[in-house]
Amino acid sequence: MRTIHFLILWSLLATAPLEAAEIAGRVTDSETLVPVANAQVRVLNADLATRTDRNGEFLFTDLNAGTYTIAISHIAYLPAQRTIGVTGTTGVVIGLSTRTYPLGDIPVIAEPFGAGDIHRQPAYATVITRESFEGRQTTMPDVLAEATGVHVKRLGGLGAFSTISLRGSSADQVEVYLDGILLNAAFGGGVDLGNLPLAHVGQIEVYRGAGAGGNGMGGAVHVRTRRLQRRWQHGVRGSWGAFDTRLLSGVVSGTRGKSEFLAVADYAQSDNDFRFMDDNGTEYNTGDDVWSRRRNNDHRSINLLGKWRRALGENSGLSVHETLYWKAQGIPGISNNQSRNAQLDAFRTMTEITYENRALSKGMNTHQSLYVTHTSERFRDLDGEVGIGRQDNEYRTRTYGWRGRLQTVLLSRCNTTAVVSLRREAYAPKARIRSIANFFDSRRWSLSARAGVDVSLPWNIGVWSAGAERRLIHSSFTGANPFDFSPLAPDSANTRNLTSVRTGVRLDLTSHLAFKANAGRVFRIPSFFELFGDRGGVVGNVNLRPEYGFAWDAGIRYSDETNTLELAFFDQRYEDLIQFVHTSQATSRPVNIGKARVYGLELTAQRRFGAGFSLSGNYTFQDARDRSAIPYLTGNILPNRPPHALFARATARLGRWTLVYDYSVEDGSFLDQANRRPLTMRQIHNAGVKVDAGMRLQIGLEARNLTGAQIADTWGFPLPGRAFFVSIKTEQAMEE
């Protein structure tokens with residue numbers, strides 16, 4: 001506590017002269033008044049530079065009163081300059097004129113797109129830029145949980161296993177990409193968001209709806225790592241807080257001749273020994289409830305990101321991208337019977353080599369990449385504290401892939417994209433001691449071809465978009481099959497040839513108001529676990545049909561200089577959902593018997609009051625019901641799908657100070673399909689303050705779960721209560 005008091009006192013003394021000048025500005029399209037994101041803003045006579053956030057806003061602090069010249073540049077707009085006199089806090093709005101290119105010189109911009117580009121597409125999406133979470137004590141699951149239509153399920157604490165649901169889908173039905181590489185493993189179970197460090201992230205895009213942003217039945221999440229920039233930059237951020245949580249990250253980037261590079265290192269550690277109310281396994285008897293601490297819940301991780309790119313010409317280049325992730329954590333088990341020694345270690349590498357040419361011919365570009373990923377996990381439960389029996393298992397997954405993309409502009413109104421990819425995934429489990437569940441060595445080959453078209457409608461009234469994807473998938477396993485004696489025994493191979501389609505339209509009703517509508521039909525291939533079983537209590541079923549989903553949505557989006565409002569109705573229907581049924585007292589087998597329907601309403605809003613104060617938030621209503629043929633399940637609410645969810649944020653900038661308050665509430669839901677284990681409604685209050693202390697130093701203090709609400713999540717795992725964190729960040733950048 002003395003350290004915290006010292007840091008707060010020092011920040012107050014460092015910021016005493018609040019009369020220092022600053023520039024708070026906004027960049028917009030001069031015709032539509034839509035905010036321009038990712039525009040470069042430079043103060044020519046102060047050697048300062050930044051980029052606009054998703055709201056088109058920028059801020060320069062710690063200036064002396066005087067006259068400054070601001071230069072704005074963006075590839076889609078003509079450059080602009082503005083000279084202003086600055087005293088105190090000076091606001092400025094700069095409009096940019098659209099840049100016109102001759103047909104032969106039209107640039108086709110590769111991913112990642114800016115927020116404005118994504119919102120102009122028919123699909124409903126949330127764009128989370130680095131500026132929105134920079135300097136906060138938060139994690140990838142926490143950031144995604146704030147987005148519209150998103151529900152995150154987690155086991156509690158820093159680095160804990162966390163998965164995502166979009167519009168009532170399951171974790172398996174959401175595709176997660178890291179720089180365009182699919183992270184969903186063929187074994188199944190969804191992507192663990194706790195393994196994605198925010199220190200590496202530059203932008204997150206959450207696409208809602210079947211087929212939006214990929215082939216996910218519920219949608220897709222694209223995580224983009226930090227981009228290479230032609231400038232020297234270095235920075236360090238550290239934080240410390242509750243449960244002895246410590247985070248330290250550093251970044252350095254630069255350029256040398258025709259080469260650019262970026263390196264990010266991140267270290268995280270936490271005891272995660274928060275207090276919780278232990279019901280001793282008798283949730284309906286409160287008389288024996290006691291306060292306990294989470295045991296064997298510690299977490300340590302090290303993450304490295306490296307990027308290098310060399311220009312091969314004015315419009316082409318070769319780049320290499322490498323990520324390394326290592327984690328060691330305890331597995332505490334359920335709340336009323338915690339383990340002491342169960343442990344999970346994980347290691348992941350991803351290497352990608354990319355060649356791109358933005359001017360292959362007139363209006364055409366290409367993007368080719370080769371990648372390999374390796375994931376190794378070891379789960380040790382030598383005392384049989386978690387699950388059934390003693391276990392010491394190792395699981396290795398290796399993926400090789402190639403992706404080729406070709407984009408071109410036809411007749412100045414039609415942007416076409418063709419993508420072909422080949423992927424091989426190998427899963428190799430190993431049991432070091434006798435195990436109840438011993439999975440098969442499995443392989444999966446995937447060949448996919450996707451074509452898409454975006455057409456600008458006549459008189460610039462909007463955009464029509466359509467796409468289709470064809471996938472040929474071959475799955476197989478090797479090794480002895482202990483179920484050979486049974487007529488239910490799975491074959492050793494399974495092949496599927498499937499097609500998904502999607503279309504959407506955006507109509508501009510006025511310069512600020514647009515109508516959006518989308519429809520799509522997509523599929524999910526059964527996982528290795530469902531196809532081949534585990535040699536233990538699960539018998540595989542290679543005759544499983546893929547799960548199918550049909551979804552549509554429609555709504556409006558309004559956006560001007562100070563307001564953003566988006567309202568969408570969605571309806572999603574799932575067919576052939578996979579359920580596990582008992583075939584004997586000791587075994588079960590997955591079969592296609594399930595159906596479900598999820599419909600609801602999403603509301604997203606933001607209001608800016610000048611340059612210093614803003615309100616934002618979102619509300620989601622969803623009705624997620626089981627429509628399967630099982631009498632005791634049909635009509636039930638799907639587990640972990642709360643009917644109502646609300647998130648609100650207030651932000652105030654007062655000179656060098658930034659104050660933030662968050663409020664979130666989730667309605668009650670159920671842990672099980674039979675709706676016999678309820679989860680109560682939760683309300684969480686967070687607050688934080690940041691101050692620019694001068695000398696490019698920023699200090700922050702954050703309080704999470706201010707009321708100390710006792711909440712639980714997936715399988716009843718408790719989540720942390722009240723927690724406080726303090727952070728220090730310094731970063732410097734210099735244009736070449």
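Predicted model: local features only at pLDDT ≥ 70, side-chain atom pairs only at ≥ 80, totals over all residues.
Local features need pLDDT of at least 70 and side-chain atom pairs count only at pLDDT 80 or more, while totals for chains, interfaces and linings use all residues. Residues are numbered from 1 along each chain as its sequence is written, and side-chain values use heavy atoms, with hydrogens and water left out.

View 1. A cavity is a set of points on a 1 Å grid over the protein atoms alone where a 1.4 Å probe fits but cannot get out, and its lining residues have an atom within 4 Å of a point. The model has 3 cavities of 30 Å³ or more. Strands β14 (219-225), β20 (299-311) and β21 (316-330) each supply at least two lining residues, and β21 gives the most, with 3. Strands are DSSP runs of E with at least two residues, and helices are runs of H or I with at least four, numbered from the N terminus.

**View 2. The largest nonpolar core.** A nonpolar core is a set of buried Ala, Val, Leu, Ile, Met, Phe, Trp, Tyr and Cys residues joined through side-chain atoms within 4.5 Å; buried means under 20% relative accessible area, exposed over 50% and partly exposed in between (1.4 Å probe, protein chains only). This core has 25 residues, and M140, L144, V150, I164, I204 and V221 have the most contacts inside it. Among the elements that give it two or more residues are α4 (140-145), β13 (201-208) and β14. Beyond its neighbours within four places in sequence, M140 is in contact (heavy atoms within 4.5 Å) with L193, L196, L198, V201, I204 and V223.

**View 3. The surroundings of A493.** A493 lies in strand β28 (residues 493-508) and counts as partly exposed because its relative accessibility is 34%. Apart from neighbours within four places in sequence, A493 is in contact with H474, S475, S476 and V542.

**View 4. Strand β38 and its partners.** Two strands pair if DSSP finds at least two bridges between them. Strand β38 (residues 682-694) runs antiparallel to β35 (residues 657-666), joined by 10 bridges; Y661 has A687 as its bridge partner. With β39 (residues 697-704), β38 pairs in the antiparallel sense over 7 bridges, and V689 stands opposite L701.

Notes
1 Å grid on protein atoms, 1.4 Å probe; cavity = no way out; pocket = protein on both sides within 12 Å on 5 of 7 lines; lining within 4 Å. Points joined across faces, edges and corners; volume = space filled by probe spheres on them.
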